[in-house]
Amino acid sequence: MSVPAAYLGIVLIWATTPLGIKWSAEEGGFLLGVTSRMTIGYVVCLVLLLALRIEFPWHLRARNAYVAAGLGLFGSMICVYWGAQYIPSGLVSVLFGLSPIMIGIFATYWLGERGFSTGRLFGVVLAITGLAVIFMPGGNLAQIAPEGILAVLMSVTLQALSAVWVKRIGGELHPMSINTGALSIAVPLYLLVWLLFDGRTPQVMSERAWAAVVYLSLFGTVLGFNLYFYVLKRVTATVLSLVTLITPVLALLIGNWLNGEAIAPRVWLGASAILLGLISFQWGGILLRGLRRLVAP
């Protein structure tokens with residue numbers, strides 16, 4: 001598969017994942033939603049690994065990569081599933097748009113990628129300003145709770161740490177191996193947490209809720225994560241996270257269209273500031289150099 005095609009797949013899956021998370025957790029609770037999704041996805045990954053005869057190495061470096069990916073997967077998904085109960089699905093994707101900045105910070109120190117220029121610092125300031133606009137009290141934002149935003153921000157941070165950690169120690173492994181290894185670590189943790197803090201299953205779940213679980217299992221967990229690790233092997237961690245420039249707008253529109261989620265002007269304003277901050281973070285230096293050449297005598 002070409003890297004651009006994999007990118008497109010990630011964009012489409014990530015844009016629809018937040019709404020799938022909300023639908024899958026509406027009736028059985030967020031712990032059952034994430035646990036059932038990951039368990040089904042894990043079984044499918046094991047079957048594909050055996051059917052395609054993909055090597056599943058177990059040397060020390062591979063085990064470290066599985067732990068890095070698995071802990072990140074567990075922590076970030078628990079946080080985003082919990083937080084998605086309190087904020088619209090489109091806003092979940094907007095907040096995940098901060099991934100490039102988080103990854104850029106960690107990659108600077110762990111992977112030796114380029115440091116912070118004026119354009120990057122300006123991008124960080126813009127993104128923080130966008131968050132502040134969304135956080136501001138008042139207005140018609142009753143459906144947005146601060147604890148939901150904080151939980152999703154924690155999810156973004158954990159995912160960014162995990163991506164850079166995997167890039168550092170497991171870049172040569174097959175994407176399916178990393179995905180299966182990560183689920184081998186994460187699924188027992190999901191099951192344990194669900195048994196300890198919930199342990200119940202609803203007698204009846206709607207077709208929409210089950211369809212969301214199956215969709216997230218097959219596309220979000222199996223295909224989406226495999227595409228993610230596939231692209232992660234071939235590009236820098238920061239470049240991979242650029243897909244989050246597109247998914248927030250798509251997710252806001254999808255949430256409004258399919259779930260009737262109102263998009264307040266303040267959310268659009270904050271999202272625009274975050275996206276402009278990401279553009280400045282990635283290409284601010286190039287834009288500034290071009291502007292200086294234009295105005296230079």
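Contact means heavy atoms within 4.5 Å. By that criterion, Asn-256 touches Glu-261, Ala-262 and Ile-263, not counting residues up to four places away in sequence. This is a predicted model, in which local features need pLDDT of at least 70, side-chain atom pairs count only at pLDDT 80 or more, and totals for chains, interfaces and linings use all residues. Residues are numbered from 1 along each chain as its sequence is written, and side-chain values use heavy atoms, with hydrogens and water left out.

**Overall fold**

- The protein has 12 helices and zero strands. Both are DSSP runs numbered from the N terminus: helices are H or I with at least four residues, strands are E with at least two.
- Along the sequence, the pattern reads α-α-α-α-α-α-α-α-α-α-α-α.
- Of the 297 residues in the protein, 55% are buried. Buried means under 20% relative accessible area, exposed means over 50%, and partly exposed lies in between (1.4 Å probe, protein chains only).
- Among contacts with a separation of 6 or more, 90% join residues 24 or more positions apart.
- The accessible surface comes to about 13,600 Å², and carbon and sulfur atoms hold 71% of that area. Areas come from the Shrake-Rupley method with a 1.4 Å probe; for residues, only the protein chains shown count as cover.

- Two packed helices are described by the angle between their axes and the distance between the axes.
- Axes are lines fitted to C-alpha atoms, for helices over the stretch in contact, with angles from 0 to 180 degrees between N-to-C directions.
- The axes of H3 (residues 60–83) and H8 (residues 175–197) come within 7 Å and cross at roughly 45°. That makes H3 oblique to H8.
- Angles under 35 degrees count as roughly parallel, over 145 as roughly antiparallel, 65 to 115 as roughly perpendicular, and the rest as oblique.
- The H3 and H8 crossing is right-handed. Right-handed means that the near helix is turned clockwise from the far one by less than a right angle; anticlockwise gives left-handed.
- On the H3 side, the contact residues include Tyr-66, Gly-70, Phe-74 and Met-77; on the H8 side, they include Ser-177, Gly-181, Leu-189 and Tyr-190.
- The residues of this H3 and H8 contact divide into 16 nonpolar, three polar and no charged. Ala, Val, Leu, Ile, Met, Phe, Trp, Tyr, Cys and Pro count as nonpolar, Asp, Glu, Lys and Arg as charged, and the others, Gly among them, as polar.

**Helix pair H7 and H9**

- The axes of H7 (residues 146–169) and H9 (residues 207–234) come within 10 Å and cross at roughly 55°. H7 is therefore oblique to H9.
- H7 passes H9 in a right-handed crossing.
- Ala-163, Val-166 and Lys-167 of H7 meet Tyr-228, Phe-229, Leu-232, Lys-233 and Arg-234 of H9.
- The H7 and H9 contact has five nonpolar residues, no polar and three charged.

**Single residues**

- Asn-256 sits in helix H11 (residues 247–259). Its relative accessibility is 38%, so Asn-256 counts as partly exposed.
- The C-alpha atoms of Asn-256 and Pro-88 are 9.1 Å apart, although 168 residues separate them along the chain.
- Ser-93 belongs to helix H4 (residues 89–96). Ser-93 is buried, with a relative accessible area of 4%.
- Leaving aside neighbours within four places in sequence, Ser-93 is in contact with Pro-18, Thr-247, Pro-248 and Ala-251.
- Arg-53 lies in the loop between helix H2 (30–51) and H3. Its phi is near 55°, a positive value in a residue other than glycine.
- Arg-53 counts as exposed because its relative accessibility is 79%.
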